[in-house]
There are 2 protein chains.
Amino acid sequence: MSNQELINFTRGVPAPESFPLDDLSAAAQRAISKYGRTILQYGKSYGFRPLIEWLAEWKRVEPKQVITANGSLQLFDFFCSHFLQPGDVAFVEAPTYDRAITTLRHHRADALGIPLQSDGLDIDALEIELKKRVPKLFYVIPDFQNPAGMTYSLEKRQRLVDLADEYGFWIVEDAPYRPLRFRGEDQPSLFDLNADRVLHMLSFSKLIGPGPRIGFAMGDAKLLQAVARIAEDTYITPSLLSQGIVYEFLNAGLLPAQIEKLKALYAPRLDATLAALDKHLPEAQATRPDGGFFLSLTLPQGVTTEAVRQIAREKYNLNLASGEAFFPNGGGERFIRIPYCGMSLDVIDEGVARLAAAVADV
Amino acid sequence: MSNQELINFTRGVPAPESFPLDDLSAAAQRAISKYGRTILQYGKSYGFRPLIEWLAEWKRVEPKQVITANGSLQLFDFFCSHFLQPGDVAFVEAPTYDRAITTLRHHRADALGIPLQSDGLDIDALEIELKKRVPKLFYVIPDFQNPAGMTYSLEKRQRLVDLADEYGFWIVEDAPYRPLRFRGEDQPSLFDLNADRVLHMLSFSKLIGPGPRIGFAMGDAKLLQAVARIAEDTYITPSLLSQGIVYEFLNAGLLPAQIEKLKALYAPRLDATLAALDKHLPEAQATRPDGGFFLSLTLPQGVTTEAVRQIAREKYNLNLASGEAFFPNGGGERFIRIPYCGMSLDVIDEGVARLAAAVADV
């Protein structure tokens, strides 16, 4: 089996066939022709002003409530610089995005994980921790969570923002997958529920492509002023050439059709993953998301992710992500994340079959 | 006089009329058409591989000795993350680039300034400091220094890298202005003299335009591996869309003509600045650089930059940069930086005339 073609169930990358190349090429022409002297020059650390205004109108906030950066992870790094001193505590979900844990550790902060349930945070566990200490910030991904593939209920969203008010902490709401709902109804974002306590981050990485590196955040204007100073001291200006090009794409009204194209591409991949799990690995407990990039599963009792990973890699040429890397304080021994968006239907079925074979071999 | 048009002698921005817009527009077409699926996707934190290879060939190093980032200030930030713990000492020139001081302070490092003379560092002062403590890194700008407009002699270059060997510290050589020599002969770079102790940073901000945010560094491959991990943890990937476009520009062989165009544009602006100083302000001591973006002057005894700044702003609508901001440990009370590249010849003469009038009014 080891000369099978490699399959990666590791990183959540978008499908390259989804990139709107022709439209971006035309957008690049227009951007350089119309704004060349601005987007080739230094500018404000907030980003390209027409893009800021477009985003503000899209999200119905004021331009001063919007800041862009070279990807939303870089924004999270700025938020950490703003909020955290070495030794401070930040809360995250358990499991959470592994790069968020890494970023917190770079800032010498303690990342404390609050367990996730199928409908959001374990609020009881959160209240117990809050009575012990109040974090400077709480990083959450309420929609189609990475890595769990779970979405918060309305009730848990409201409880979380109420606790943020009661205890006085900031929420960083990372929402890159939120626009990719394949079925069902949107819940309000945490920012919709309480704009005074929430910094809402979005990105075009999953909607247009990661290569331009354009993330943005909206939130309290005064706080974003402080973040803009940190950004200026780090790189002066984000990539205005990229921003001009993506702005021209957005301003031509092309985003809604692009999102529909992505849903039409990704929804069958999610369905194929769930069908393959039902067929090959019915004993694992899988999340069944309504959108996004990921689902996760818990292996049967007694079977560890590390054991499966090793067999999958060595015998079946299938790479899996570590389960434990998503858990800041231990756990995840039987946790597996499956990123389905970047794979064709055939590869998905074959990958899940290999995963099931590796589980059976443990 | 206060309804005169505003003149800024503040920031060192390139002339917008120098941006090669048509060539970049064509490069964008080609880049998206040839590499769209790569430059719209995530990639290595080192940057776009064809660009890395082009840079390595240009600079006659191995590709593994090259890393790109969203501007060279961001690279300096990564170097600081790699080398510095809070409380560590870094050496800089006095005066130095004000944003380098800010970056060091973000990393809670102590920035110690070694005085500059007309031909480079005051080596005697450096040796006295080295006997007291050895810095983790020494940030220098040996060619057409910002803000002084001074260039190191060959002898002082050699002394500095020899001291780096003897005492065991790393040199970060920032060289954004080095390709913009209007007359005279290049000296070897510090990296040319000792590649084992020097991280050499270059940028396309002053050669093509700042908006794409493309800086790069070359140096020890193993050290750059560690820096690449920090970069990955900060933003995953630099802006590959920008990098693909600039790569296509470079690979079409357009850089040499672009540099010649810049020299033809900027050399007369330097000459006009020097002529205006001779005419309006002969009592100030000015550096007389052979290239780059800046010259600096020392005001006559008894006249402070702050006093001149206030009068210039209020009475003559001329903005000057603070002198003291370029000095990490005090000094610069009579220091003025003049960035001449972004201004037309008329504006330069008028600006220096206003500066002289403000000096006369003190």
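Helices and strands here are DSSP runs numbered from the N terminus, a helix having at least four residues and a strand at least two. On that basis I236(B) falls in the loop between helix 8 (221-235) and helix 9 (240-251) of chain B. The model is predicted.

**Backbone geometry**

Most residues other than glycine have a negative phi, and most peptide bonds are trans. The residues and bonds in the table depart from this pattern.

| Item | Value |
|---|---|
| I236(B) | positive phi of about 70° |
| N317(A) | positive phi of about 55° |
| A94(A) to P95(A) | cis peptide bond, omega near 5° |
| A94(B) to P95(B) | cis peptide bond, omega near 10° |

I236(B) is not a glycine, and its relative accessible area is 4%. It counts as buried because buried means under 20% relative accessible area. N317(A), also not a glycine, sits in the loop between helix 11 (305-316) and strand 12 (318-320) of chain A.

In chain A, P95(A) belongs to the loop between strand 3 (89-94) and helix 4 (98-106). In chain B, P95(B) is in the loop between strand 3 (89-94) and helix 4 (98-106).

S189(B) lies in the loop that runs between strand 7 (170-174) and helix 7 (190-193) of chain B. Is this serine buried or exposed? With a relative accessibility of 3%, S189(B) is buried. Which residues does S189(B) contact, apart from its neighbours within four places in sequence? The contacts of S189(B) are R157(B), E173(B), R178(B) and H200(B).

Technical notes:
Residues are numbered from 1 along each chain as its sequence is written. Chains are lettered from A and ligands numbered from 1 in the order in which they are written. This is a predicted model: local features need pLDDT of at least 70, side-chain atom pairs count only at pLDDT 80 or more; totals for chains, interfaces and linings use all residues. Side-chain values use heavy atoms; hydrogens and water are left out. Buried means under 20% relative accessible area, exposed over 50%, partly exposed in between (1.4 Å probe, protein chains only). Contact means heavy atoms within 4.5 Å.
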